[in-house]
Amino acid sequence: LKDMKLTALRAVKILGTARPGEPLRIEARLTGRLGALVQAQAQASVAGRLVLTAELTLSSTPPAAPPRA
């Protein structure tokens, strides 16, 4: 999962806020993978209080094919 880029956000629900200086804990769980695409469910919390849930799609550039001889 190297050099991943955020490609899409779905089902984002903002359930609360964080104040400046409050630590934000972000967790993600991989739910699927197809080639260079990865899907995950994510959530963020502040002081144990859930403030965001979302579904993410990440992508990476597939490695270049070796040159043909």
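This is a predicted model: local features need pLDDT of at least 70, side-chain atom pairs count only at pLDDT 80 or more; totals for chains, interfaces and linings use all residues.
User: Buried means under 20% relative accessible area, exposed over 50%, and partly exposed in between (1.4 Å probe, protein chains only). By that scale, is alanine 47 buried or exposed?
Analyst: Residues are numbered from 1 along each chain as its sequence is written, and side-chain values use heavy atoms, with hydrogens and water left out. Alanine 47 sits in the loop between β3 and β4, where strands (E, at least two residues) and helices (H or I, at least four) are DSSP runs numbered from the N terminus. Its relative accessible area is 79%, so alanine 47 is exposed.

User: What is the phi of alanine 47 in the turn between β3 and β4?
Analyst: Strand β3 covers residues 37-46, and β4 covers residues 49-59. The two strands form a hairpin with 2 residues between them. Alanine 47 is not a glycine, yet its phi is positive, at about 50 degrees.

User: Which residue of β4 is the bridge partner of leucine 9?
Analyst: Leucine 9 lies in strand β1, residues 5-14. β1 runs antiparallel to β4, and 7 bridges join them. Across that pairing, the partner of leucine 9 is leucine 56.

User: What accessible area do Leu6, Leu9, Val12 and Ile14 have together?
Analyst: These residues form a nonpolar patch on the surface. Patches take residues with over 30% relative accessible area and no salt bridge, joining like charges within 9 Å and nonpolar side chains (Val, Leu, Ile, Met, Phe, Trp, Tyr) within 5 Å. Leucine 9, for one, is partly exposed at 49%. By the Shrake-Rupley method with a 1.4 Å probe, where for residues only the protein chains shown count as cover, the patch has about 410 Å².

User: Which residue forms a salt bridge with arginine 10?
Analyst: A salt bridge is a side-chain nitrogen of Lys or Arg within 4 Å of a carboxyl oxygen of Asp or Glu, and the structure holds 2 of them. For arginine 10, the closest N and O atoms of the pair are 3.8 Å apart. The pair links distant parts of the chain, 45 residues apart, with arginine 10 in strand β1 and its partner in strand β4.

User: What is the N to O distance between glutamate 27 and arginine 25?
Analyst: Glutamate 27 is partly exposed, with 35% relative accessibility, whereas arginine 25 is exposed at 54%. Their side chains meet in a salt bridge, and the N to O distance is 2.7 Å.

User: Which side chain makes a polar contact with the side chain of threonine 57?
Analyst: Threonine 57, in strand β4, has a relative accessible area of 8% and is therefore buried. Leaving aside neighbours within four places in sequence, it is in contact (heavy atoms within 4.5 Å) with residues including Lys5, Thr7 and Val38. A polar contact is a pair of N or O atoms within 3.5 Å; within protein, one must be able to donate a hydrogen and the other to accept it, and residues adjacent in sequence count only if both atoms are side-chain atoms. At 3.1 Å, the side chain that makes this polar contact with threonine 57 is that of arginine 10.

Methods
Two strands pair if DSSP finds at least two bridges between them.
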